[in-house]
Each structure stands twice: as C-alpha cells, then as structure tokens.
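Dear colleague,

Please find below the structure for your review. My notes on how its elements pack against one another follow directly after it.

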Amino acid sequence: MEDAADPAPEDGADAPVRKIIHVDMDAFYASVEQRDNPALRGKPVAVGGSSRRGVVAAASYEARKFGVRSAMPSITAKRQCPDLIFVPPRFDAYRDVSHQIRAVFRDYADEVEPLSLDEAYLDVSRDKAGLGSATATAKLIRERIRRETGLTASAGVSYNKFIAKLASDQNKPDGLTIIPPGKGAAFVQTLSIRRFHGIGPVTAAKMEGFGIFSGADLAVKEMEWLAAHFGNSALWLHNLARGIDHRRVKSNRPLKSLGGERTFFNDLIADTEIREALAHVCTVVWDRAAKRGARGRTVTLKLRYADFRTITRAKSVPFAIADGAGLLAVGEAILAPLLPTEQGIRLLGVTLSKFEGEEDEEEAAGPDDLLSLI
C-alpha cells in the first residue's frame, strides 16, 4: 500500500493511517485435503459428512462452481454436484497448518489478530521486516505460505480492517487487492451490502426492503434515517458506507463466545428427548468453558427443524453463570416456550457469551470457538 503522511478525509481528521493486511486461506479445509491426497486434486471436494444428516463444512473451488457451499446439507450438495467427493474433517491437520501460517505472520507483524484457523489481520504499520511497504509484505507472506505449506492464500491490503477484509475476498482464489487511503469509500460503495462483514442475512434482507442493495445505496441515507430504522447500529453503518473503521488489530483477541451443537441422525420430536439433547450439549459447552475459566451471562439456543428452518433465541442473566446446572437452567428457560414442536428437530446448539471482563464493541461476531458434534 502506498505510504501516506496524512489520513484521507474520509477517515476523519484525527484518525491514524494504519497499514492492515487481511490474509484468508483459499478453501482451506478442502485445499488441505487436496494437498494431502493427490487423487482429489482438480476434483469437486466437500469436507463433511455424506449421510443424509451431513452438512458441508467446506467446499473446494471445483465444487463451488456447482453451487456447493459451507453449511449446505450434504444431500443438497450431492444433488447439485453428483460427482462430489466427501471427505471427513481432520481438524488436527488443519490446526497444524494454521500454526505454520501464524509462524509466518509473526515474522512480519507484532500485531496479529487471528479470526479463525484460516484467516487473520496483521498490522504492518511498523515495517518489522524492512520491506518498504505493506504491499511488498503481503506479497512475501503469500509466497512463503505457498512455499512452506503448498497452499494458496488471498490477501487484502488497506488502511483499516473492514476494507482489508473486503479486499481479500475481491480476487479469490490466490489474489491480492490493494485499496489505498482515499480510495476506500469508492471501493465500498461498489459492493453489495451482503459482502459487508457484520451484516448478516436478516439485516441484509431488511436493508433490501428499503431499497439498499449496495454501499452506494447505504451512503445516501442520513444518520437520522439510519437511527430510526437500525437503532444503535446507525453510526456503524454510516461509517462502513464511507470506508471508515477505527478498530485496532488486537493480538490478544478476547473470547467472544463459546458453544457446541449436535446434528441428529433422526429428528427429535418428543419433549423429553429434546431436553436430553439440550442437557448433553450444555454439558459439553460447560466443560469447555470451565477449562478456559470463562463465565458468561448470555445463553443462545439454536434449533434447526426438519425443513432446515433455523431459529436462535437468547437470554441474558444479571450475573455470570457459575456452573453447568446454571447453564442448563437458562437453556431450559429458552427452550420451554418452543415446546411442544410440530416439526422434528435435526440440530440443537448452545452458545455462551458476554463473558466477565468483556468490553462492548461495535463489531458483529459469531462464535469464536464453536464445537460441532456430528
């Protein structure tokens, strides 16, 4: 990225110009499987279960051409791509590669914020490796990842986290996109709001109902209008449409949520079996929370019905939950109004969040640590 002495006007008078790289591995799980098994190379691959209850965890680019994507039911994926090859996930292998990648990052940045096994933000404002620019740094990081892991990564380089993440997705796979200061707003306004990190499907549908389909559509809305329709998110949305994001890259990213979910081979119908499943998932979640010393105040219940309709319901309590029985009690309080169910339940999940000491941030985030119990 071009060096700049002064921030662009869209950043605000007091905003520092940072040099941020967002690195995102290409079809990570599937690419590891294709690397380790040459017979899979060039073929449509899905990581996940192939049973009628299976779900796609990741899809190779060959599979994506057929519309196969993560979180898609395996039976649907197979229908769309009859030649699809399913392989079971190997999370130990993915973690090993992730550790290799993070070791590369540390050679070029002191501030590294992992978002998951396969992506991270790097603040390279201080030219740790003496390469002269953020663009040169991103190029070398991608070259080293390819050389040391045999995998490709895409990267976005910009002056803030929001735009760097958008940029990394712009030319996938194996792409590099640079958005310098002064160009961020124009870039953002060309994109669909469904590309915006932090705007989920529900909010996107609401926006589209108001005729907001792109960053440009969002940018023309006044703050008063945004506040009336989107409440506390108004300023955040106003800033995103202008390429403004002052969040720092945080090396020690705090745990935001911790959860578990279970997919059932047969739909659960009876109240007793649904409650038993809830107790099982709560036990797993609490064991993990206890190991990390995490004490949260908010419990979110996720149910996926036989027709794949998914709902979430959350409940917060005044004080941090002290034990597994407390977690189950809150979960049961959320579940009770949803019973009895007219449809069978194929998946049940529980997430614990709002941990002690957590600071509120203007950042939408999903579970940082989600355990899938297939």
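Helix 5 (residues 134–149) lies across strand 1 (20–25), strand 6 (119–123), strand 7 and strand 8. Relative to strand 7, helix 5 runs at about 170°. Please note that this is a predicted model. Helix 6 (residues 161–168) also packs on the sheet, where it touches strand 1, strand 5, strand 6, strand 7 and strand 8. The direction of helix 6 makes about 145° with that of strand 7.

The sheet itself is open and consists of 5 strands in the order 5-6-1-7-8, with mixed pairing. Strand 5 (111–116) and strand 8 (176–178) are its edge strands, each pairing on one side only. On average, and with direction ignored, neighbouring strands of this sheet are turned by 15° against each other. Strand 7 (residues 153–158) and strand 8 run parallel and are joined by 3 bridges. Gly156 has Thr177, in strand 8, as its bridge partner.

A further point concerns a pair of helices. Helix 12 (residues 271–292) and helix 13 (residues 324–335) have axes that come within 9 Å and cross at roughly 140°; the two helices are therefore oblique to each other. The crossing of helix 12 past helix 13 is right-handed. On the side of helix 12, the contact is made by Ile274, Arg275, Leu278, Ala279, Cys282, Val285 and Trp286. Helix 13 contributes Gly324, Leu327, Leu328, Gly331, Glu332 and Leu335. The residues of this contact divide into 9 nonpolar, 2 polar and 2 charged.

With kind regards

Terms used: Residues numbered from 1 in each chain as written. Predicted model: local features only at pLDDT ≥ 70, side-chain atom pairs only at ≥ 80, totals over all residues. Heavy atoms only, no water. Axes fitted to C-alpha atoms, helices over the stretch in contact; angles between N-to-C directions. Helix = DSSP H or I, 4+ residues; strand = E, 2+ residues; numbered from the N terminus. Parallel < 35°, antiparallel > 145°, perpendicular 65-115°, else oblique. Left-handed = near helix turned anticlockwise from the far one by under 90°. Contact = heavy atoms within 4.5 Å. Nonpolar A, V, L, I, M, F, W, Y, C, P; charged D, E, K, R; others polar. Pairing = 2+ DSSP bridges.
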